[in-house]
Amino acid sequence: MSEEAEEVKRLLAFKKKLEKRTERLESELKELKSILEAVNSVLLAKGFKRAEIVKKPPTEAMPPIKEEEKIQPPTPVLEFREIIPLKTAAGEPLAKIYVGENFLKIVLAEDKNFDVNTPPFNQFLVERVLAKMQQKDSELAKAGKLKPEEIFAYNIVREGDFVREIHVKNFDAERLKEIKSSVKWTLEKMYEKMKSQR
């Protein structure tokens, strides 16, 4: 009898683990869907902007000129209401934050290769700032205080180990302020480390 009770206990513990894992995967799937939605809306916006630019040249324009205009991507001004440059105290460019309607894109300076493994990128910016915001919203959604599509979501665009862009969806003015200061501080620290390793 006690062996049977022991087995039931083990099965219950296993069931709990499975439930937790299922919950985690469901929440992850929701987050991925909302990121995908954000990417789709940006692609859609880019597509429309490109179409508008192509329509603008007069019909008498020479074909090569039309072709050039078609290739040029739409300027960020068309998509984003605000561009915030992030610089070191010495005025060295670190990144630019393009703020759109409920979507922002942080583009890191092209001349600097910010490695994802350089502290405090993962330890501070990802784990303590971005992941915490996402976790807080996931809990609010579970409690029914937030719709799943309103959950804070982020995506880090990498080229190998180098961070190129960070995309963020679902934020308010307070979070924008926190993201801005956290990204600036993180990149400053990373840049200092990069300089000292040269």
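I began at the end of α4, where G144, just after the helix, takes a positive phi of about 80°. I record here that the model is predicted.

**Helix α4.** I then went back along the helix itself. Helix α4 covers residues 121-142 and bends by about 35° at A131. I looked up which residues of α4 are buried, and found F121, L125, V126, V129, L130, M133, Q134, D137, S138 and A141. I noted that this list includes the charged residue D137.

**Positive patch.** Next I turned to charge on the surface. K16, K20, R21 and R24 gather there in a patch of positive charge. I took R24 as the member to follow up, and placed R24 in helix α1, residues 2-55.

**Salt bridges: overview.** I looked up the total and found that the structure holds 10 salt bridges. As background, side chains of opposite charge can pair when their charged atoms come close. I examined several of the pairs in turn.

**D111 and K112.** The side chains of these two residues, D111 and K112, meet in a salt bridge at 3.2 Å, N to O. I checked the accessibility of each partner. D111 counts as exposed at 60% relative accessibility, whereas K112 is buried, with a relative accessible area of 4%. I also asked which residues are linked with D111 and K112 in a network of salt bridges. The entry is E92, which joins D111 and K112 in that network.

**K184 and E188.** In this pair, the closest N and O atoms of the salt bridge are 3.1 Å apart. Why are K184 and E188 separated by about one helical turn? I noted that they are four residues apart in helix α5, residues 173-196. K184 is partly exposed, with a relative accessible area of 29%. E188 has a relative accessible area of 19% and is therefore buried, the cut-off being under 20%.

**K189 and E192.** I stayed in helix α5 for this pair, since K189 and E192 both lie there, three residues apart, about one turn of the helix. Their side chains meet in a salt bridge at 4.0 Å, N to O.

Terms used: Residues are numbered from 1 along each chain as its sequence is written. This is a predicted model: local features need pLDDT of at least 70, side-chain atom pairs count only at pLDDT 80 or more; totals for chains, interfaces and linings use all residues. Side-chain values use heavy atoms; hydrogens and water are left out. The bend at a residue is the angle between axes fitted to the seven residues ending there and the seven starting there. Helices (H or I, at least four residues) and strands (E, at least two) are DSSP runs, numbered from the N terminus. Buried means under 20% relative accessible area, exposed over 50%, partly exposed in between (1.4 Å probe, protein chains only). Patches are made of residues with over 30% relative accessible area and no salt bridge: like charges are joined within 9 Å, nonpolar side chains (Val, Leu, Ile, Met, Phe, Trp, Tyr) within 5 Å. Accessible areas come from the Shrake-Rupley method with a 1.4 Å probe; for residues, only the protein chains shown count as cover. The place of a charge is taken as NZ of Lys, CZ of Arg, CG of Asp or CD of Glu.
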